[in-house]
Amino acid sequence: MTLDAETKQMLAELKGALGDAEKMKSAIEQLETQMKNVPSTIDERLKKVRSIAWDPNGRYRGVFNNEDQARGFGLFMVSRCHGKGWAGEALKSEFPEVVRAFESDDAGNLVPEEYTGRIVDLIEQHGVFERNALKVPMSSEIQKYAKRTARMAAAPMDEGASLSLTKPTLSNRSLQARKWGAFVAFSSEVSEDAVAAVGELLAMDMAEAFALAVDQAGFLGDGSGTYNSISGVIDSLISEAIVTPTDATEWDDFTKDHFLEVISKVAQRTFAGNNAKFFCSSQFYWTVMAPLVLAAGGVTAAEMEGRRQLMFLGFPVELTQVLPGASSDDEVCAIFGNLRAGATFGDRRRLNVKQSEHFMFDEDMIAMLGTRRFDINIDGAGVAGDPGTVEVLAALKTDANGG
């Protein structure tokens, strides 16, 4: 029997639907397996947090200013996210100022300023991009600003001669608040003795999650949904700003001259304010840059004094693990430039935390969702097709198979 085109199309769609159903079934089974492992994973992490945040003698050395802050944050999160009676009562008794500050908060989901500030500090400590870019508070969903693309020009004035009018050229730019979320969970059976460790764990998790998201979007963003439609440094760089030495397909092929060529690509204003830096992974620094420094010989004053700051060719080096950690061809492995002059980080809203409505593991788990809203613009990567606009950011890239 010969099938007509319409019947064939219907059969193809049915086959696709069955395939999607199988994929969905597999995804659900994987999620169920992960859910069963969550309680034990959380317990293991709490034990690890205790060993990090408290020394063997019980002295606090964690991420907050003191143990009271860690306990207060833990009580706040347990009481707000799960409505635990004992946690709420303890919070009122021990931290009445926190409760008073949020009595008028109908949504009941904002993190107290005392804790928000510390978590934001942690985000900047763990991340690289946000603390180096120009940070701009966003007062609305869309923040517009102008970028200067050409300067005024001065000319000699002869007596009786007219002076040509010149004016700076500006291009309009905008930041759009984009929402980012970080999901964490912890046991609802947490005891009062463990609440400080819970606060420590949640603060660390949120800080590390958002710091990684900012670094990935800022350096690697390709404009896709994976990076919330943000185009980062590598995606924004014009070809003239990327040094790709011929036949340098491996890290071992790089020489000092290649790095000097990268530096030569940027404009003079890159070096204003001592903000010019190299950005790379720890592996790249110790595999490529450090050997070149040691091969040059000599001992710096900082080394004589016992101080070691990561430097290369006279510029600081910032390590970010979102850049390649292993040698590969056709890949940007180091970035040089002035992020403060070449990247804008728009911060729309401080940290917001609420109980997750989308992930319900079981009755013994608390699901918590932390959100931030921010956007990133790369303003100093040059204009495609115009080699004369290489600005304050450049990169070093391995060659593609010797091509």
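I note here, before going on, that the model I am reading is a predicted one.

Next I asked which ring partners Phe-336, and I found Phe-315, with the two ring centres 5.0 Å apart and the planes at 75°, so I recorded the pair as edge-to-face. The partners sit in distant parts of the chain, since I find Phe-315 in strand β8 (residues 315-319) and Phe-336 in strand β9 (residues 332-337), 21 residues apart. Is Phe-315 buried or exposed? I wrote down a relative accessible area of 18% for Phe-315, which is under the 20% limit for a buried residue, so Phe-315 is buried.

I then turned to the aromatic pairs of the whole structure and noted that there are 19 of them. One of these joins Phe-259 and Phe-312, again edge-to-face, at 4.8 Å from centre to centre and with 70° between the planes. This pair also links distant parts of the chain, for Phe-259 belongs to helix α9 (residues 256-265) and Phe-312 to strand β7 (residues 311-312), 53 residues apart. I checked the accessibility of both partners: Phe-259 has 1% and counts as buried, and Phe-312 has 2% and counts as buried too.

I went back to helix α9, where I found His-258, Phe-259, Val-262 and Ile-263 buried. Looking down the axis of α9, I saw that the buried residues fall within an arc of 145°, so they line one face of the helix. I set beside this the general point that an α-helix has 3.6 residues a turn, so residues three or four places apart point the same way. On the face of α9 turned away from the buried side, I noted the exposed residues Asp-257 and Ser-264.

Last, I looked up some totals for the chain, which has 12 helices and 12 strands. Of its 403 residues, 42% are buried. Among contacts with a separation of 6 or more, I recorded that 76% come from residues 24 or more positions apart. The accessible surface of the chain comes to about 22000 Å², and 50% of this belongs to carbon and sulfur atoms.

Notes:
Residues are numbered from 1 along each chain as its sequence is written. This is a predicted model: local features need pLDDT of at least 70, side-chain atom pairs count only at pLDDT 80 or more; totals for chains, interfaces and linings use all residues. Side-chain values use heavy atoms; hydrogens and water are left out. Rings of Phe, Tyr and Trp (its six-membered ring) pair if their centres lie within 6.5 Å; planes under 30 degrees apart count as stacked, over 60 as edge-to-face and the rest as tilted. Helices (H or I, at least four residues) and strands (E, at least two) are DSSP runs, numbered from the N terminus. Buried means under 20% relative accessible area, exposed over 50%, partly exposed in between (1.4 Å probe, protein chains only). Contact means heavy atoms within 4.5 Å. Accessible areas come from the Shrake-Rupley method with a 1.4 Å probe; for residues, only the protein chains shown count as cover. The arc is that of the directions from the helix axis to the C-beta atoms.
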